[in-house]
Amino acid sequence: MKGSDSVTRDFVLTGARIATMNTGETPYGLIKDGAVAVRNGVIEWVGDTGDLPASYAGLTARDMAGRLMTPGLIDCHTHIVFGGHRALEFEMRLNGASYEEVARAGGGIVSTVTATRAASIETLIANALPRLDALIAEGATVVEVKSGYGLDRETELNMLRAARTLATLRPVTIRTTFLGAHATPAEYKDRDDHYIDEVCIPTLRAAHAEALVDAVDGFCEGIAFQPDQIERVFQVAAELNLPVKLHAEQLSHLGGTQLAARYGALSVDHVEYANDDDARAMADSGSVAVILPGAFYTIRETQVPPIGSFRNRGVPMALATDCNPGSSPLTSLLLTMNMGCTLFRMTPEEALAGVTRNAAKALGLKDRGQIAPGMVADLAIWDVETPGELSYRIGFNPLHSRIYAQTQEGTS
């Protein structure tokens, strides 16, 4: 990360071009010469600099010199806690090895499960920190972290414990998601139902008892679990009063989106093979469509998610890195935004909403993702002239500074 310096929890920022990301007639909710007043880490007032109330005159003030201000970015779908890496199989595939040959060499999710089970909590944390730091360095203030590479009770719990610990080591909010229904481990081969009942559900209960879970996820796909198996996990989540999310319609259309909508899912993620009926169901349930272009790019998918249907039906669209060792080794939300625009024809405004306002909604966070009174003062300051530049540039990080409620990191 860049250098850091602390600021008071009570302050005023003036002279900024503020993309509030509040819905309205103005694109990006843009204020051309804006100010933000913050007390106790919470935004109290936003408006034109010239209209700043005199009551804030005594607060520490800084002039942003015309820089762009946005809400702190939110990565609402990651798997950043895991053991090992998959660079070898990446190289094997590009050198002509078949999927079977990679599998025989111990590649695929099996290799990540093996490495994750062998790693201590300390190792999992140490491995995850560089990935988390890369996200923070691009303005992220909230990051979701899933389990799902342990597939046994103790490793799944350790992954969640490691994720919780990350929030004590960096100025960032971590939201944890239990993804025990990610895959069936080798010891339960061809016994998916037994794995769900004997490992996944009991581990979910244990994780909840230890206060390690903010939401529950699953992978509904031909290579993973069927809707009826996922539903058994969702029923327990409902019993525990935990919100649900779902990887669905990534490689085929199994009906996972409809299942998620019936359970009022916070989000349905991937959704390349979703259709207009799915979009309608998501609109009715208020679920967010989390678009994951990193995985689309890495596996060279050709089925594009139905962005037009989501747009026409009013389904909020979020964007996330899906950072994981296999299908999306991506740790850049800025590149994710560019991919969303270039690969899926999302607009730059939709892309920025996808990593702020709608990403917050995908995590059930009502106090993040917008610059408005009552919101936590998680902010990103950028050396750009227009919000569209954040999606336009490739491989370029224009972050000037980042404010995480009570600390600021940056070069100034």
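This is a predicted model: local features need pLDDT of at least 70, side-chain atom pairs count only at pLDDT 80 or more; totals for chains, interfaces and linings use all residues.

Trainee: Which residues does UniProt list as "binding site"?

Mentor: The label comes from an unreviewed UniProt entry. The listed residues span 246 residues in sequence, yet no two of their C-alpha atoms are more than 12.5 Å apart, so they gather at one spot. The record names His 77, His 79, His 247 and Asp 322.

Trainee: Is His 79 buried or exposed?

Mentor: His 79 sits in the loop between β7 and α1. Its contacts include Lys 146, Tyr 149, His 247 and Asp 322. Buried means under 20% relative accessible area. His 79 has 2%, so it counts as buried.

Trainee: And which residue's side chain makes a polar contact of 2.7 Å with the side chain of His 77?

Mentor: His 77 lies in the loop between β7 (73–75) and α1 (87–94), and its relative accessible area is 0%. Among the residues it touches are Glu 144, His 247, Asp 269 and Asp 322. The side-chain partner at 2.7 Å is Asp 269.

Trainee: Now the helices: are α6 and α7 roughly parallel or roughly antiparallel?

Mentor: The axes of α6 (residues 192–209) and α7 (residues 227–239) come within 10 Å and cross at roughly 20°. Angles under 35 degrees count as roughly parallel. Therefore, α6 and α7 are roughly parallel.

Trainee: What is the handedness of the crossing of α6 and α7?

Mentor: Where they meet, the α6 residues include Ile 196, Cys 200 and Leu 204, and the α7 residues include Val 233 and Val 236. The crossing of α6 past α7 is right-handed.

Note on methods. Residues are numbered from 1 along each chain as its sequence is written. Side-chain values use heavy atoms; hydrogens and water are left out. UniProt positions are given in the numbering used here, feature names are shortened, and annotations may be inferred rather than shown by experiment. Helices (H or I, at least four residues) and strands (E, at least two) are DSSP runs, numbered from the N terminus. Buried means under 20% relative accessible area, exposed over 50%, partly exposed in between (1.4 Å probe, protein chains only). Contact means heavy atoms within 4.5 Å. A polar contact is a pair of N or O atoms within 3.5 Å; within protein, one must be able to donate a hydrogen and the other to accept it, and residues adjacent in sequence count only if both atoms are side-chain atoms. Axes are lines fitted to C-alpha atoms, for helices over the stretch in contact, and angles run from 0 to 180 degrees between N-to-C directions. Angles under 35 degrees count as roughly parallel, over 145 as roughly antiparallel, 65 to 115 as roughly perpendicular and the rest as oblique. A crossing is left-handed if the near helix is turned anticlockwise from the far one by less than a right angle, and right-handed if clockwise. Lists of a residue's contacts leave out its neighbours within four places in sequence.
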